[in-house]
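Hi,

Please have it open while you read.

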Amino acid sequence: MTAAPTRPLRGAVFDLGGVMTEPLGRHRKQIDDPLHVEVLHFFLNEFRDVYHLPTGAHDLHLLETGKISDDEFFDRMVARHVAAGGSPVDARTAQRIVFGKGLVACGAMIDAVRQVKGAGYRTALLTNISRAGEPMWRSLLPVEELFDVVVDSSQVGLRKPDPAIYLLTCERLGLSPQECLFVDDLRCNVDAATELGMTTIQCSDPVAIADEVVELLLGRPAAAEPPASTGTAG
């Protein structure tokens with residue numbers, strides 16, 4: 001569902017995982033080992049309990065704001081898992097269980113962003129990610145071609161859904177929140193953007209939402225041939 005714009009849109013802000021990539025976990029292989037299932041459930045339960053909180057002191061927050069490394073995060077997570085009565089597991093194994101095969105770029109959304117930027121809209125990538133994540137996402141996407149601005153939580157020390165990181169992104173785009181579309185797969189991140197006056201789309205399927213983005217901003221299906229002379233988003 002899309003929150004309606006309150007003024008003409010001039011920019012679009014896109015999440016990374018689950019928006020510019022295929023849904024998270026889609027390429028994780030079937031987990032049959034009971035210990036691996038136990039570790040994954042522990043991580044997902046912690047994620048559910050703390051992700052929606054603004055920038056704070058939990059290890060997930062510290063990871064995504066660049067204060068601890070991936071190795072430190074998983075060392076600590078495994079220690080919490082064992083302290084809670086879970087079975088011992090190697091921290092590097094836990095890391096592989098959680099991340100699976102990593103992220104896979106969504107070609108449809110890449111094409112949608114390319115069309116939107118080509119039509120004159122300002123574009124930004126806004127991602128919550130660890131310090132080690134940058135080489136990975138830069139290898140997935142033609143970042144410089146697609147985005148005028150990149151805001152990486154681990155670089156700026158803020159993370160969604162803290163309103164400050166949305167405002168920083170809009171400031172770097174040179175736009176107000178009311179002039180920006182925001183697309184994210186997580187409800188808490190979408191709600192925070194909506195509160196700031198951004199037009200929002202929650203992304204459950206990036207292929208389908210790519211069409212919705214183009215339809216909303218350009219007034220035509222994503223697969224349609226662009227007009228001979230494109231205007232600006234102004």
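In this predicted model, the buried residues of helix 6 are Met109, Ile110, Ala112, Val113, Gln115 and Val116. Their cover includes strand 1 (11-14) and strand 2 (122-127), along with helix 1 (16-20), helix 8 (143-146) and helix 12 (206-218). Helix 6 itself runs over residues 107-118. Its 12 residues reach 16 Å from the first C-alpha to the last, close to the 16 Å expected at 1.5 Å a residue. After helix 6 comes Gly120, with a positive phi near 105 degrees.

Now to the charged pairs. The structure has 16 salt bridges, and one of them joins Glu179 to Arg10, with 3.2 Å from N to O. Glu179 sits in the loop between helix 10 (163-173) and strand 4 (180-184), while Arg10 is in the segment before strand 1, so this pair ties together parts 169 residues apart in sequence. Glu179 counts as buried at 10% relative accessibility, whereas Arg10 is partly exposed at 34%.

Two further bridges may interest you. Glu46 pairs with Arg80, their closest N and O atoms being 2.7 Å apart. That links helix 2 (residues 34-50) with helix 4 (residues 70-83) across 34 residues. Arg76 and Asp59 also form a salt bridge, at 2.9 Å from N to O; here Arg76 belongs to helix 4 and Asp59 to helix 3 (residues 59-64), 17 residues apart. Asp59 is buried, at 9% relative accessibility, and Arg76 is partly exposed, at 36%. Through shared partners, salt bridges connect Glu46, Asp59, Arg76 and Arg80 in one network.

Best wishes

How values were computed. Residues numbered from 1 in each chain as written. Predicted model: local features only at pLDDT ≥ 70, side-chain atom pairs only at ≥ 80, totals over all residues. Heavy atoms only, no water. Helix = DSSP H or I, 4+ residues; strand = E, 2+ residues; numbered from the N terminus. Expected span 1.5 Å × (residues − 1). Buried < 20%, exposed > 50% of the residue type's maximum accessible area, 1.4 Å probe, protein only. Contact = heavy atoms within 4.5 Å. Salt bridge = Lys/Arg side-chain N within 4 Å of Asp/Glu carboxyl O.
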